[in-house]
Amino acid sequence: MIRNTGHKKISKTMVTKSDITKRQEQLLEELNNCDDELSGQELHRQLMIKGKSMGLTTVYRNLQVLIKHGLIRSRHLPNGEVLYTPVDRDIHHLTCVQCGETSKMEGCPVKDIHTPKKNSQKFQLLFHTLEYFGLCQNCYQAQN
């Protein structure tokens, strides 16, 4: 969670507290308080329930800023929906391309892979994503 401490560095990025608006802070707080990923519409709904009025367009615009700051990540589902989560959650998924069912993978197969040392001065790695696409057991069995 972000604390109001002036120019405190947030996460591993070069973003400081003063770079984050009140609305972006509200979105980060909602994402940090949730155990799962949330869509922009779910975030909008939760803010409305809590009396923190924010337009849906504003939610999506601020989510894009948070992604550019390297504070959250997005995941696109086969149906076009986008889910958001803080970057410090190293979660990866298996997604069925036929029915859209998604399940979390146990562990991270790329956790111990590092960027080459010669690139380390030219590139600051903030997070990574990994997702496998295929057929879930039900869809696979239905085809056979």
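A: Buried means under 20% relative accessible area, exposed means over 50%, and partly exposed is in between. The model is a predicted one.

Q: What share of the protein chain is buried, then?
A: Of its 144 residues, 33% are buried. The accessible surface of the chain is about 9600 Å², and carbon and sulfur atoms hold 51% of that.

Q: How many helices and strands are there?
A: Four helices and six strands. Their order from the N terminus is α-β-α-α-β-β-β-β-β-α.

Q: And what fraction of the contacts is between residues 24 or more positions apart?
A: Among contacts with a separation of 6 or more, 49%.

Q: Which residues touch the most other members in the largest nonpolar core?
A: Leu27, Leu31, Leu43, Val59, Leu63, Leu66 and Ile72, out of 16 residues in that core. Helix H1 (22–33), helix H2 (40–49), helix H3 (56–68) and strand S3 (82–86) are the elements that each supply two or more residues to it.

Q: Take Leu31. What is it in contact with, leaving aside neighbours within four places in sequence?
A: Leu38, Leu43, Leu63, Ile72, Tyr84, Thr85, Pro86 and Arg89.

Q: Which residues of H1 are buried?
A: Gln24, Gln26, Leu27, Leu28, Glu30 and Leu31. Their cover includes strand S1 (38–39), H2, H3, strand S2 (72–76) and S3.

Q: What span should H1 have, and what does the model give?
A: Twelve residues at 1.5 Å a residue should span 16 Å, and the end C-alpha atoms of H1 are 16 Å apart, so the two agree.

Q: Switching to charges. How many salt bridges are there?
A: Five. One of them pairs the side chains of Glu29 and Lys52, at 3.9 Å from N to O. Glu29 is in helix H1 and Lys52 is in the loop between H2 and H3, so this pair ties together parts 23 residues apart in sequence.

Q: Are those two buried or partly exposed?
A: Partly exposed: Glu29 has a relative accessible area of 28%, and Lys52 has 23% relative accessibility.

Q: What does Lys50 pair with?
A: Lys50 forms a salt bridge with Glu30, with 2.9 Å between the closest N and O atoms. This pair also links distant parts of the chain, 20 residues apart, with Lys50 in the loop between H2 and H3 and Glu30 in helix H1.

Q: Why does Glu30 count as buried?
A: Because its relative accessibility is 2%, and the cut-off for buried is under 20%. Lys50, at 47%, counts as partly exposed.

Q: What about Arg75 and Glu131, how far apart are their N and O?
A: Their side chains meet in a salt bridge at 3.1 Å, N to O. Arg75 lies in strand S2 and Glu131 in strand S6, so the bridge ties together parts 56 residues apart in sequence.

Q: Last topic, the surface. Which residues form a nonpolar patch there?
A: Val97, Phe133, Leu135 and Tyr140, with about 410 Å² of accessible area together. Phe133 is in strand S6, residues 131–134.

Note on methods. Residues numbered from 1 in each chain as written. Predicted model: local features only at pLDDT ≥ 70, side-chain atom pairs only at ≥ 80, totals over all residues. Heavy atoms only, no water. Core = buried A, V, L, I, M, F, W, Y, C linked by side-chain atoms within 4.5 Å. Buried < 20%, exposed > 50% of the residue type's maximum accessible area, 1.4 Å probe, protein only. Contact = heavy atoms within 4.5 Å. Expected span 1.5 Å × (residues − 1). Patch = residues over 30% accessible without salt bridge, like charges linked within 9 Å, V, L, I, M, F, W, Y side chains within 5 Å. Areas by Shrake-Rupley, 256 points an atom, 1.4 Å probe, with all protein chains shown as cover. Salt bridge = Lys/Arg side-chain N within 4 Å of Asp/Glu carboxyl O.
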